[in-house]
Amino acid sequence: MRRYNTQAEIDEIPNVSFKRQAICQNYIKYGDECDPQIYFSNQLDANPNLLAWLFSDESLVGKTYLSLSSERFEAFQDFYNSLDIYD
């Protein structure tokens, strides 16, 4: 799992380190999936507020990652990839 932040994450995701840590802690506490990436993906499907929380932007409530701007989409991909246990 990657511990550093990419420039895209820093630019687009406020408090990205805290948010990565929160996802990982919730995965450890509540996740029954095989890895944090799958847990995060499942939470995106289950929680319409997760993207809004991730980007600190209430206009994203109920939206999918496919509706993100190109800058946010890059940050989202970097964040998702950072959850890879083999990275």
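Glu12 forms a salt bridge with Arg72, with 3.7 Å between the closest N and O atoms. Glu12 belongs to helix α1 and Arg72 to helix α5 (residues 70–82), so this pair ties together parts of the chain that lie 60 residues apart in sequence. The two partners fall into separate accessibility classes: Glu12 is partly exposed, with a relative accessible area of 23%, whereas Arg72, at 19%, counts as buried, because the cut-off for buried is under 20%. The model is predicted, and four salt bridges were found in the structure.

Glu9 takes part in two of the pairs described here, one with Arg2 and one with Arg20. In the pair with Arg20, the closest N and O atoms are 2.6 Å apart. Glu9 lies in helix α1 (residues 7–12) and Arg20 in helix α2 (residues 16–30), so the contact ties together parts that are 11 residues apart in sequence. Both Glu9 and Arg20 are buried, and for Glu9 the relative accessible area is 0%.

The salt bridge between Arg2 and Glu9 has its closest N and O atoms 3.0 Å apart. Arg2 is buried as well, with a relative accessible area of 6%. Side chains of opposite charge can pair when their charged atoms come close.

Note on methods
Residues are numbered from 1 along each chain as its sequence is written. This is a predicted model: local features need pLDDT of at least 70, side-chain atom pairs count only at pLDDT 80 or more; totals for chains, interfaces and linings use all residues. Side-chain values use heavy atoms; hydrogens and water are left out. A salt bridge is a side-chain nitrogen of Lys or Arg within 4 Å of a carboxyl oxygen of Asp or Glu. Buried means under 20% relative accessible area, exposed over 50%, partly exposed in between (1.4 Å probe, protein chains only). Helices (H or I, at least four residues) and strands (E, at least two) are DSSP runs, numbered from the N terminus.
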